[in-house]
Amino acid sequence: SIAGKIIVPIPHHQSPNHQTSLIKMKWRCIPFSIALAYFVHNPVSGFANQLSSRARLSLAPKPLKSPAFSAICSAQFGTANSALTSLTSSLLKGTGQVPLPQSFGINAFLFTALSPKLFTMLTPTGFVHSCALGTFLWNALGYKGWSLCVLYLFLGQLVTKIRFTEKEEAGISEKRGGRRGPENVWGSALTGLICAKASVRPNFLGIPSHFFLLAYVASLCTKLADTFASEIGKAFGKTTFLITTFERVKPGTEGAVSLEGTLAAVLGGFLLAMYGYVLGLINLRGTAIATIAAFLATNVESLIGATLQDKKGWEFMTNEVVNFINTLIGAALAIIGGYLFL
C-alpha cells in the first residue's frame, strides 16, 4: 500500500535560475561557515569554553545540593556572564580597535543575514572581498567607521539605479547591472582602509591620528561625490562638456562634467560627511573640510579622465586605478585642510 506516502518527482535537470540560486546560497554560507568553524576551534575570551562548561553542568546527573556545589555553579555562571558582557562591549566599541576574530565573526554574521540584499549590489567575489573589507574596518574603527562605509555602498548603489534602463540603452550604465566586484571594492575603499588603520597608531608618519580619521571620512566622501556626479550627470545632465576644453560631449564621456552632476557631487560628499559628524568621527569644521576635499578631488578625477584615460600608453589607467587616485587625493587634501583649519 502506498497510502500515507508522498511521492516527490526527482527532476532530471535543474533550470539555470535554480542553479544560480544554488550558487548564491553557497556564497552566502561561506562567511557564516568560516565564522562558526573559527569560534568552535578558537573560542574568543574563553566565551565558548564557558558556554561548553554550562552545557556540561546542565546535562550531568544532578548531585545532592551542597554549599560547595552551589559556589561552583555560581562561579561558572558568573564567569560566562562576564565573558558575554566583555564580548558585547568589545564588539560594540564606537572607537578604538576591536579584536580581529570578533570583527570577522560579526561581519560574517551580518553579511550572511543581509546576503539577499547584498547580492543585488555585489558579485559573489565582490561579496567576499566586501566582507574582508568590513572585517578590517570594524577591527580598526568599530561599528561607527564600518557603518560609514556601508552607507557609502548603499547610497552609491541607490544613485546608480536612477534611470538605469535609459543609461543601459545609451550604453553608459555600469557593467554587471551596477553590481560591484572586488576591483570596485578596493578601488573605492583601499585608501579609506589605509587611513583607518593609520588612525589607530598615534602620530603615524608624524601625522596626528585624528587627521587620519578625517582623511578616512574624506576618502569615502570623495568616492560618493564622484558616483553622485557621474550617475546624476548621466541621468539628468542637459549640457555636458569636457572639463579641459569645455567642448560639448555626450553624457558618460570620460572627463565630462555637467551642472547637474557638479551639484550632485557637492550633495553626495556633504551627506556622508554629515553622517561622519553625527557618528562623532569628525567635528563640524571637519565636515566642511571633508566636503570641500571631496569636491576638489572629484574635479581632479575628471581632469585625469579627460587627459589620461583611454589614451595610448596609459592603458593601465583603468576606472579602478583612477578611483584609487581620486580617493587618495581627497584624503590628502583633508589632511592638509586639517593642518590649516583644525
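Student: What distance does α9 reach from its first C-alpha to its last?

Tutor: Helices here are DSSP runs of H or I with at least four residues, and strands are runs of E with at least two, numbered from the N terminus. The expected span is 1.5 Å times one less than the number of residues. α9 has 28 residues, and its reach is close to the expected 40 Å. From first C-alpha to last, α9 reaches 40 Å.

Student: What kind of model is this, and which pLDDT do side-chain atom pairs need?

Tutor: This is a predicted model, in which local features need pLDDT of at least 70, totals for chains, interfaces and linings use all residues, and side-chain atom pairs count only at pLDDT 80 or more. Residues are numbered from 1 along each chain as its sequence is written, and side-chain values use heavy atoms, leaving out hydrogens and water.

Student: How many residues of α9 are buried?

Tutor: Buried means under 20% relative accessible area, exposed means over 50%, and partly exposed lies in between (1.4 Å probe, protein chains only). By that scale α9 is mostly covered. The count is 24 of its 28 residues.

Student: At what angle do α9 and α10 pack?

Tutor: Axes are lines fitted to C-alpha atoms, for helices over the stretch in contact, and angles run from 0 to 180 degrees between N-to-C directions. Helix α10 covers residues 259–279, and its axis is 7 Å from that of α9. The packing angle is about 150°.

Student: Which residues make that contact?

Tutor: Contact means heavy atoms within 4.5 Å. From α10 the contributors include G261, A264, G268 and L272. From α9 they include V217, L220, L224 and F228.

Student: Which residue meets D226 in a salt bridge?

Tutor: A salt bridge needs a side-chain nitrogen of Lys or Arg within 4 Å of a carboxyl oxygen of Asp or Glu. The N to O distance is 3.4 Å, and the partner is K223.

Student: Which residues join K234 in one salt-bridge network?

Tutor: K234 forms a salt bridge with E231, with the closest N and O atoms 3.5 Å apart. The two are 3 residues apart in helix α9, so about one helical turn separates them. Salt bridges that share partners then link K234 into one network with E231 and K167.

Student: Are R176 and E183 buried or partly exposed?

Tutor: Their side chains meet in a salt bridge at 2.8 Å, N to O. R176 has 36% relative accessibility and E183 has 26%. R176 counts as partly exposed, and E183 likewise counts as partly exposed.

Student: How far from E301 is the nearest side chain of opposite charge?

Tutor: Lys and Arg count as positive and Asp and Glu as negative, while His and the chain ends are not counted. E301, in helix α11 (residues 284–307), is buried yet has no salt bridge. Not counting residues up to four places away in sequence, E301 touches D226, V322 and N326. The nearest side chain of opposite charge is K223, at 7.1 Å.

Student: Which helices do the buried residues of α12 pack against?

Tutor: Among the buried residues of α12 are V322, N326, G330 and A334. The partners of the buried residues are α8 (182–199), α9 and α11.
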